Each structure stands twice: as structure tokens, then as C-alpha cells.
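Welcome! Have a look at the chain and its ligand, and then we will go through them together.

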Amino acid sequence: KRIVVLISGNGSNLQAILDRSLEQNIHGQVVAVISNRPDAYGLTRAEQREVDTQVLDHTEFETREAYDYQLKNLIDSYHPDLVVLAGFMRILSDPLVMHYHGRMLNIHPSLLPKYKGLNTHSRAIEAGDTEHGASVHFVTPELDDGPVVIQSKVPVFKDDTELELAARVQEQERNIYPLVIEWFCRGRLTMENNKAYLDGNEI
Ligand code: GRF
């Protein structure tokens with residue numbers, strides 16, 4: 001299966017995906033990494049693995065629609081079976097999301113449906129939550145709202161800083177995201193009528 005990964009920053013999830021595909025046969029290959037930011041460190045990670053990189057800088061576009069149209073063309077030029085959002089910090093317009101219906105995944109740093117949007121770690125701390133985590137989900141037009149495939153929980157300790165908690169969550173992200181991607185590439189994971197299925201069973 002052909003995988004295109006979208007990033008905006010560090011790319012630790014991208015790294016985990018690349019590592020897993022090197023270590024074992026995930027039945028998929030990252031064919032391109034696309035960033036909306038020219039300085040994203042994830043681009044370097046991709047280059048180190050000789051994966052094609054592309055920058056599509058959103059600051060050079062007047063509207064979201066114009067950007068997303070180009071983004072769609074760029075992604076489609078790689079003929080992906082799966083599009084993976086890995087820290088891609090942009091809201092995607094509906095036509096783009098619908099174009100990849102059932103073949104676009106995202107990882108979100110909270111136990112969805114809690115804390116959609118930004119600053120999830122500080123919001124969990126401020127709320128006094130004792131557990132927090134990350135969710136992998138199919139992407140649907142509503143932000144951070146598509147069917148959840150898997151979640152990983154971590155404890156929140158009393159004097160956690162945002163950074164400490166983020167690091168604990170991200171360690172889990174690096175485990176679950178490559179796993180879910182492998183499920184998809186093996187044809188085990190699907191989405192129908194806004195529900196996720198693993199081996200034909202609703203999740
Ligand atoms: C992750 O915490 C992910 O959940 C969120 O953005 C962060 C990306 O980190 N969507 P990285 O770029 O993969 O290191």
C-alpha cells in the first residue's frame with residue numbers, strides 16, 4: 001500500500017512509522033512526506049530515509065480552499081492508498097476530507113471525545129484529570145470527530161508539567177500509530193457509515 005504522510009513539525013510519529021516499516025513488513029510504504037512548513041524537522045527525517053519530500057507553504061495561499069486544492073493535487077500525484085496526518089497542524093476543508101473518505105487517519109493527543117482542538121495537555125492538567133492519552137481516528141469533516149480506532153491511556157501525576165505529560169503521551173503515540181497503519185495496509189481496518197471496523201467487527 002502507498003502511504004502519504006502530512007506533517008507540520010517534529011515528525012516523531014513519522015519517525016515511528018518509518019522505523020516500523022523498516023523493521024517489519026507493514027504491507028505499506030511511505031512514498032511521500034508533505035509539510036506545510038518549510039522548516040519542519042520531519043522533512044529531514046524523511047530525507048534520511050530517502051523518502052520523497054514536498055513543501056506546500058500555506059502562507060503563500062490566499063484561501064484555505066486554494067491551499068487544499070493544491071494539496072489534494074500534490075497528494076494525488078503519489079496515488080496513495082492511505083493518507084496519514086502526523087502532526088499536520090491545519091484544519092482541512094470538507095472537499096479534501098471527503099476526497100480521502102475512509103483512507104485518511106489522524107492522531108490526536110487526547111482521549112477523544114475529550115479535548116478536541118489545541119492545547120490538550122494543559123487542558124487535561126487544568127481539569128484535574130487523572131488520566132489522559134492519545135487517539136487514532138479516521139478523519140471526517142468535523143474536527144477531531146471521526147470514528148476512533150484505538151486509544152492509549154497514560155496517568156496524569158499531580159505535579160506534571162505540560163511538557164512532561166506531552167512526552168508521556170507521545171511515547172504512546174509512537175506505539176499505536178504504526179500499529180493502526182499496519183492494520184489498514186493489511187486490509188483489516190475499514191470505515192463505513194462513520195464507523196470503524198477491525199476484521200469486520202465494529203470498534
Ligand atoms: C502529536 O502529539 C500528535 O498527537 C499531534 O501533534 C503532535 C505531533 O508530533 N497531532 P510529531 O510531529 O509527530 O512529533
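**Briefing: a domain, a ligand shell and a helix**

According to UniProt, in an unreviewed entry, the annotation "domain: Formyl transferase N-terminal" covers residues 1–181; such annotations may be inferred rather than shown by experiment. This is a predicted model, in which local features need pLDDT of at least 70, side-chain atom pairs count only at pLDDT 80 or more, and totals for chains, interfaces and linings use all residues. Residues are numbered from 1 along each chain as its sequence is written.

**Around the ligand**
- The ligand is surrounded by 16 residues (C-beta atom, placed from the backbone, within 6 Å), and the closest are Asn10, Ser12, Asn13, Gly87 and Pro109.
- Helix 1 (12–23), strand 5 (104–108) and helix 6 (162–185) each give two or more residues to this shell; helices are DSSP runs of H or I with at least four residues, strands runs of E with at least two, numbered from the N terminus.
- The largest share, 3 residues, comes from helix 1.

**A look at helix 3**
- Tyr67, Asp68, Leu71 and Ile75 of helix 3 are buried (20 or more other C-beta atoms within 10 Å of their own, all placed from the backbone).
- These four cover an arc of only 95 degrees around the axis (using directions from the helix axis to the C-beta atoms), so they sit on the same side of helix 3.
- The face turned away from that side carries Ala66 and Asn73, which are exposed (12 or fewer such atoms).
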